Amino acid sequence: MNIVGVAACTAGIAHTYIAREKLIEAAEAAGHTIAIETQGTIGRQFELTAEEIANADLVIIAADIKTSGQERFEGLPKIEVPTDVVVHSAKALIAKAEEIMSE
C-alpha cells in the first residue's frame with residue numbers, strides 16, 4: 001500500500017515530528033511505502049510531491065490543528081486522527097488502515 005499524509009500538532013514541534021517518525025516506522029515495518037509531510041510553526045517540511053499523492057492508496061492526517069492543502073487528497077480514502085493516537089499506537093493505526101483498504 002502507498003500511504004501519504006500530514007502530521008501537525010498545535011505547537012508544530014515535538015508531536016509533529018514524533019508522529020511522522022512513528023508512522024514511517026510502523027508503515028515500513030508492515031511493508032508499505034509512506035511519505036509524511038509536516039506542517040508547523042516553521043511551515044511545511046517533507047512536502048508531498050504530486051507524484052506521491054497520485055500514487056497513494058490512502059491518506060493519514062495525524063493532526064491536532066487544521067492542516068492546509070487538504071484539496072490535494074480529494075477522492076482518496078482518508079483516516080484522520082490526533083497526533084497522540086499515532087504517537088502511542090502507530091502500529092495499530094496501520095493495521096486499521098490495512099483493514100479499511102481490504103474491505
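This is a predicted model: local features need pLDDT of at least 70, side-chain atom pairs count only at pLDDT 80 or more; totals for chains, interfaces and linings use all residues.
Colleague: How are helix H1 and helix H3 oriented to each other, parallel or antiparallel?

Modeller: Helix H1 covers residues 14-29 and helix H3 covers residues 83-102, and their axes come within 8 Å. Those axes cross at roughly 5 degrees. Angles under 35 degrees count as roughly parallel, so H1 and H3 are roughly parallel.

Colleague: Thanks! How many residues of the contact of H1 with H3 are nonpolar?

Modeller: On the H1 side, the contact includes His15, Ile18, Ala19 and Leu23. H3 contributes residues including Val86, Val87, Leu93 and Ile94. Besides two polar and three charged residues, the number of nonpolar ones is ten.

Colleague: Where does H3 bend?

Modeller: A straight helix of 20 residues would span 28 Å, but H3 spans only 24 Å between its end C-alpha atoms. H3 also has a bend of about 105 degrees. The residue at that bend is Ser89.

Colleague: Is Ala27 buried or exposed?

Modeller: Ala27 lies in helix H1. Leaving aside neighbours within four places in sequence, Ala27 is in contact with Ile3, His32, Ile34 and Ile94. Its relative accessibility is 0%, and therefore Ala27 counts as buried.

Notes. Residues are numbered from 1 along each chain as its sequence is written. Side-chain values use heavy atoms; hydrogens and water are left out. Axes are lines fitted to C-alpha atoms, for helices over the stretch in contact, and angles run from 0 to 180 degrees between N-to-C directions. Helices (H or I, at least four residues) and strands (E, at least two) are DSSP runs, numbered from the N terminus. Angles under 35 degrees count as roughly parallel, over 145 as roughly antiparallel, 65 to 115 as roughly perpendicular and the rest as oblique. Contact means heavy atoms within 4.5 Å. Ala, Val, Leu, Ile, Met, Phe, Trp, Tyr, Cys and Pro count as nonpolar, Asp, Glu, Lys and Arg as charged, and the others, Gly among them, as polar. The expected span of a helix is 1.5 Å times one less than its number of residues. The bend at a residue is the angle between axes fitted to the seven residues ending there and the seven starting there. Buried means under 20% relative accessible area, exposed over 50%, partly exposed in between (1.4 Å probe, protein chains only).
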